[in-house]
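Notebook open, structure loaded. I want to jot down what I look up as I go.

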Amino acid sequence: MRLSQSFWQTFKEVPKEAEIPSHQLMLKAGLIQKSGAGLYQYLPFAVKVLHKIESIIREELDKIGSQEVIMSVVTPGELWRETGRWDEMGSLMLQFNDRGGKELCISPTNEEAITDIFRTFVKSYKQLPVSLYQINTKFRDEIRPRFGLMRAREFSMKDAYTFHLDKACLDRGYQDMYNAYAQIFDRIGFDYMIVEADAGAMADSSCQTHEFQVLAEVGEDFIVYCKETGYASNIEKAKTLRKNLEFAASTKIEEVATPNKSTIADVCELLKVPQYQSLKSLVYTAINGEEEKHYLVMLLGDDELNELKLKNYLNCDHLIMAKEAQLSQLGLQKGFIGPYQLESKNLEVLFDSSIDENAGYIVGANKKDTHLKGFTLSRDFNGAKKVDLRLAQSGDYEASGKYQVEIKKGIEVGHVFQLGDKYTQSMKAMIVDQNGKQSAPLMGCYGIGVSRVMAAAIEQCHDENGIIWPAAIAPYHVYFAVIAKSEETKKLAEDIYRDLLEKNLEVVWDDRGLGPGFMFKDADLLGLPLRLTLGERDYQKEGTLEIKVRKAGAIHKVKKEEVADKIQELLKELM
């Protein structure tokens with residue numbers, strides 16, 4: 001492609017809202033244009049990248065026998081009402097009515113639509129397993145779209161769905177897709193981790209699920225990792241241990257005045273003890289349909305609650321932290337809540353499993369400006385329920401207690417789920433099994449954020465000068481910079497360009513007539529794997545061209561007849 005004929009422009013400045021490198025660089029390099037909050041137009045170079053990502057995905061999914069479909073972006077509301085998700089998804093889903101008054105939505109995901117397809121065509125166990133995928137546009141009405149393509153409202157996604165007769169078959173299909181995802185991200189060239197995850201609203205918490213996390217400094221997710229054992233988990237799912245804490249011995253319960261000291265930090269500073277010698281009190285309301293139940297959650301003072309663990313343990317629809325008015329109704333004093341002699345039929349108490357039953361802790365006394373010293377769980381509370389509720393933190397140990405874990409940041413680019421029969425049961429997508437009985441098949445669901453993969457690649461691969469594309473998904477292989485005045489050198493550039501195209505190398509020829517400084521700056525910003533430079537003076541003097549590797553900065557001097565072979569050799573090393 002000749003840049004003089006291309007639709008491309010770079011920019012010096014970017015909007016202040018572009019906070020992270022991928023967003024900044026995609027705008028500066030002319031890859032995307034913002035059209036509205038969380039809405040972006042993909043420009044020619046970005047489209048080339050997306051197509052390469054899609055090609056890799058298609059190749060790997062075709063290898064495992066998954067077949068491509070294209071589902072409508074707009075789906076009928078009646079399908080979502082069958083599963084109850086029309087109301088569950090709420091404002092995240094863009095819902096509207098057509099001119100006939102029928103409910104419709106812009107698809108944020110397609111479990112309902114694919115199950116509707118399945119139940120129309122599949123009636124017997126002999127037709128199983130089924131594996132279908134699509135690459136299509138999704139829309140989720142994010143409250144706060146940010147970080148460019150990382151959290152856009154409209155985005156490109158690959159979603160796949162499988163249907164199976166039994167769990168053994170589902171496990172095989174799940175492993176096939178898991179392996180295909182690993183191959184996809186290996187081919188792209190990511191430094192990534194596969195971590196245990198939580199299914200969230202997609203499926204039952206007991207179903208198997210994993211995330212594929214690209215390691216990056218600006219990742220929104222936290223990954224708990226143990227290099228010795230290979231354990232890796234999303235922080236929301238992670239189970240870790242605290243060790244080597246010296247808790248205070250149990251003592252007689254004693255009231256202490258703590259005027260205007262309602263936080264763990266203030267109370268522990270006043271009493272000259274570390275925060276883990278106190279217990280933090282949090283009150284939550286669990287909602288299941290019309291039913292509400294209240295819980296007092298107790299943690300070590302310097303721990304944080306993992307709300308997902310609590311929600312999963314309670315198996316509730318929603319979890320809401322109690323406000324001051326509700327605390328008063330429960331007979332609790334904000335800032336001074338504790339479990340000692342707490343008599344409320346409307347409040348169940350849960351203790352985190354890190355709490356030592358025989359140690360003495362500081363807790364709220366359930367009256368203003370007062371705490372208790374010496375609270376001992378085994379002595380001072382009958383029938384205590386101990387549950388793993390804390391959020392993992394740096395310095396914890398993995399489950400065996402032998403090795404410490406690290407916490408890294410990651411960007412989720414892929415997620416695989418076992419859904420069970422949640423959707424086939426609710427939508428009555430039944431098949432006749434080998435015994436002649438009606439049976440609900442088990443499902444798997446597998447997603448890759450295609451546009452997010454593009455952004456994640458930039459987050460992981462960039463420097464102060466611009467993007468450094470992984471060779472497998474770079475929009476082009478070579479940036480051809482020509483510094484020439486004479487017609488002879490210009491003719492030479494034309495010959496080299498045509499020769500590279502004939503050898504199926506993807507070349508951007510900067511024929512705009514700019515000076516070398518401008519060309520090299522644009523080349524670094526765009527970040528193609530190789531920069532080939534034909535400098536008239538150097539060529540006349542040495543008879544060589546220069547190939548620079550964008551990632552490593554290595555420079556190779558080559559003769560004209562060696563250019564294509566050297567480029568192919570370098571690209572092979574980079575792939």
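First, the burial terms: I call a residue buried under 20% relative accessible area, exposed over 50%, and partly exposed in between (1.4 Å probe, protein chains only). Accessible areas come from the Shrake-Rupley method with a 1.4 Å probe, and for residues only the protein chains shown count as cover.

Housekeeping next. This is a predicted model, so I keep in mind that local features need pLDDT of at least 70 and side-chain atom pairs count only at pLDDT 80 or more, while totals for chains, interfaces and linings use all residues. Residues are numbered from 1 along each chain as its sequence is written, and side-chain values use heavy atoms, with hydrogens and water left out.

**Entry: overall**

I looked up the chain totals. Of the 575 residues in the chain, 51% are buried. The C-alpha trace spans about 95 × 65 × 50 Å along its principal axes. I get 16 helices and 31 strands; these are DSSP runs numbered from the N terminus (helices H or I, at least four residues; strands E, at least two).

For a sense of distance, I took Met 321 and Arg 531: 210 residues apart in sequence, and 56 Å apart in space from C-alpha to C-alpha. Met 321 sits in strand S16, residues 318–321, and counts as partly exposed because its relative accessibility is 43%.

**Entry: salt bridges**

How many salt bridges does the structure hold? I find 44 of them, where a bridge means a side-chain nitrogen of Lys or Arg within 4 Å of a carboxyl oxygen of Asp or Glu.

Asp 87 and Arg 81 meet at 3.9 Å, N to O. Asp 87 is exposed at 59% relative accessibility, whereas Arg 81 is partly exposed at 42%.

Next is Asp 522 with Arg 512, whose closest N and O atoms are 2.9 Å apart. Asp 522 is in helix H14 (residues 516–526) and Arg 512 is in the loop between strand S28 (507–510) and H14, ten residues apart. Is Asp 522 buried or exposed? At 10% relative accessibility, Asp 522 counts as buried, and Arg 512 is partly exposed with 29%.

Then Glu 546 and Lys 557, with the closest N and O atoms 3.8 Å apart. Glu 546 lies in strand S30 (residues 545–549) and Lys 557 in strand S31 (residues 555–558), so the pair ties together parts eleven residues apart in sequence. Glu 546 is buried at 17% relative accessibility, while Lys 557 is partly exposed at 45%.

I also noted a network: salt bridges that share partners join Glu 142, Arg 146, Arg 151, Glu 220 and Arg 452.

**Entry: the cavity**

Rolling a probe the size of a water molecule over the atoms shows where empty space is left. My cavity term: on a 1 Å grid over the protein atoms alone, a set of points where a 1.4 Å probe fits but cannot get out, with lining residues having an atom within 4 Å of a point. Grid points are joined across faces, edges and corners, and the volume is the space filled by probe spheres set on the points.

I find one cavity of 30 Å³ or more, and the largest cavity holds about 30 Å³ of space. Which residues line the largest cavity? They are Met 150, Val 218, Gly 219, Glu 220, Asp 221, Gly 410, Ile 411, Glu 412 and Arg 452. Strand S21 (residues 406–420) gives the largest share of this lining, three residues. By type, the lining divides into three nonpolar, two polar and four charged. Here Ala, Val, Leu, Ile, Met, Phe, Trp, Tyr, Cys and Pro count as nonpolar, Asp, Glu, Lys and Arg as charged, and the others, Gly among them, as polar.

**Entry: surface patch**

Val 74, Leu 94 and Phe 96 make a nonpolar surface patch of about 200 Å². Patch residues have over 30% relative accessible area and no salt bridge, with like charges joined within 9 Å and nonpolar side chains (Val, Leu, Ile, Met, Phe, Trp, Tyr) within 5 Å. Phe 96 is in strand S5, residues 95–97, and is partly exposed at 31%.

**Entry: backbone**

The peptide bond from Leu 128 to Pro 129 is cis, with omega near 0°. Pro 129 lies in the loop between helix H5 (111–121) and strand S7 (130–139).

Asn 260, a residue other than glycine, has a positive phi near 60°. Asn 260 is in the loop between strand S13 (254–257) and helix H7 (264–271), and is exposed at 65%.

Terms used:
On a 1 Å grid over the protein atoms alone, a cavity is a set of points where a 1.4 Å probe fits but cannot get out, and a pocket is an open set with protein on both sides within 12 Å along at least five of seven lines; lining residues have an atom within 4 Å of a point.
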